[in-house]
Amino acid sequence: MPRILIIPGSLRAASSSRATARAIKERFADKTDFDIADIGALPHYNADVTDDPAVARFIEQVGAADGVLFVTPEYNYSIPGVLKNAIDWASRPAYASVFKNKLCFIVTVSGGVTGGVRAQAHLKYVLNGMLARPHPCKEVLVMQANDKLTDGVLTDEAVLGFIDTEFTPFIESLT
C-alpha cells in the first residue's frame, strides 16, 4: 500500500480542513497508509536553525511518503502562513529537497462559495517552485464546508464522491 502524508493547513482541531482530511483518511484506509504531519510543532523558518527535532521529523515524514495530501483552508486569498512555513522548512536544499518529484494532491476548503480556489492556485505555484508534482486533476474544492460537516467529519456525499473520483487515480499513480 502506498504511504500518504496528510499535511493539514489548519491548526484548529475542529476545522473543516481537518474534518475533510479525516473523511478522506477513513474512506481510503483500506487502500493506503496515512500519516499526519504536525506543522504546528514547527518553529518559524530560520536558516540559522539546523537541529530542530520537529523540523527533522517533518522532513523525514515528507521523504518517507510516496505522496502528500494537502487539505487546507484559504486565508486572505492564499495559503495559511503555518502551511507556508512548513513547506519552507522542507524546501531545502533548493531544487533538491524531499519535495523534488514528490506527487502531491490538493484539497482546499472554505466556508465561502469559492472553496479556496485561490489557495489552491497559490499552493500549486509554491509546489512547482520546489519541483514537486501536483497531481493533474480537476480541482477539489470544498465550498461552504461548515454546512457539510457532521460530528467533526465531512459527510456530504456529493463532495465525497467527487473526491473519490479524483483521489483514486492519485493513489493508483503511487503504486
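Predicted model: local features only at pLDDT ≥ 70, side-chain atom pairs only at ≥ 80, totals over all residues.
**Strand pairing, cysteines and aromatic pairs**

Ile4 stands opposite Phe34 in strand E2, and in strand E3 the bridge partner of Ile4 is Gly67. Residues are numbered from 1 along each chain as its sequence is written, and side-chain values use heavy atoms, without hydrogens and water.

Helices (H or I, at least four residues) and strands (E, at least two) are DSSP runs numbered from the N terminus; two strands pair if DSSP finds at least two bridges between them. Strand E1 (residues 3-8) runs parallel to E2 (residues 33-36), to which it is joined by four bridges. Five bridges pair E1 with E3 (residues 67-73), also in the parallel sense. Of the six residues of E1, five are buried (under 20% relative accessible area; exposed is over 50%, partly exposed in between; 1.4 Å probe, protein chains only). A right-handed β-α-β unit is formed by E1, helix H1 (residues 16-27) and E2; right-handed denotes a clockwise path from the first strand over the helix to the second, with the strands pointing away from the viewer.

Ser15, in the loop between E1 and H1, is buried at 4% relative accessibility. Beyond its neighbours within four places in sequence, Ser15 is in contact (heavy atoms within 4.5 Å) with Ser10 and Arg22.

No disulfides (cysteine sulfur atoms within 2.5 Å) are found in the whole structure. For Cys104, the nearest cysteine sulfur is that of Cys137, 12 Å away, which is too far for a bond. Cys104 is buried at 1% relative accessibility, whereas Cys137 is partly exposed at 28%.

Six aromatic pairs are present. Rings of Phe, Tyr and Trp (its six-membered ring) pair if their centres lie within 6.5 Å; planes under 30 degrees apart count as stacked, over 60 as edge-to-face and the rest as tilted. The ring centres of Tyr45 and Trp89 are 4.8 Å apart with planes at 65°, so this pair is edge-to-face. Tyr45 lies in the loop between E2 and helix H2 (53-64) and Trp89 in helix H3 (residues 81-90), so the pair ties together parts 44 residues apart in sequence. Tyr45 is partly exposed at 30% relative accessibility; Trp89, at 6%, is buried. The rings of Phe105 and Phe170 form a tilted pair, with centres 5.4 Å apart and planes at 45°. This pair links strand E4 (residues 103-109), which holds Phe105, to helix H5 (residues 157-173), which holds Phe170, 65 residues apart.
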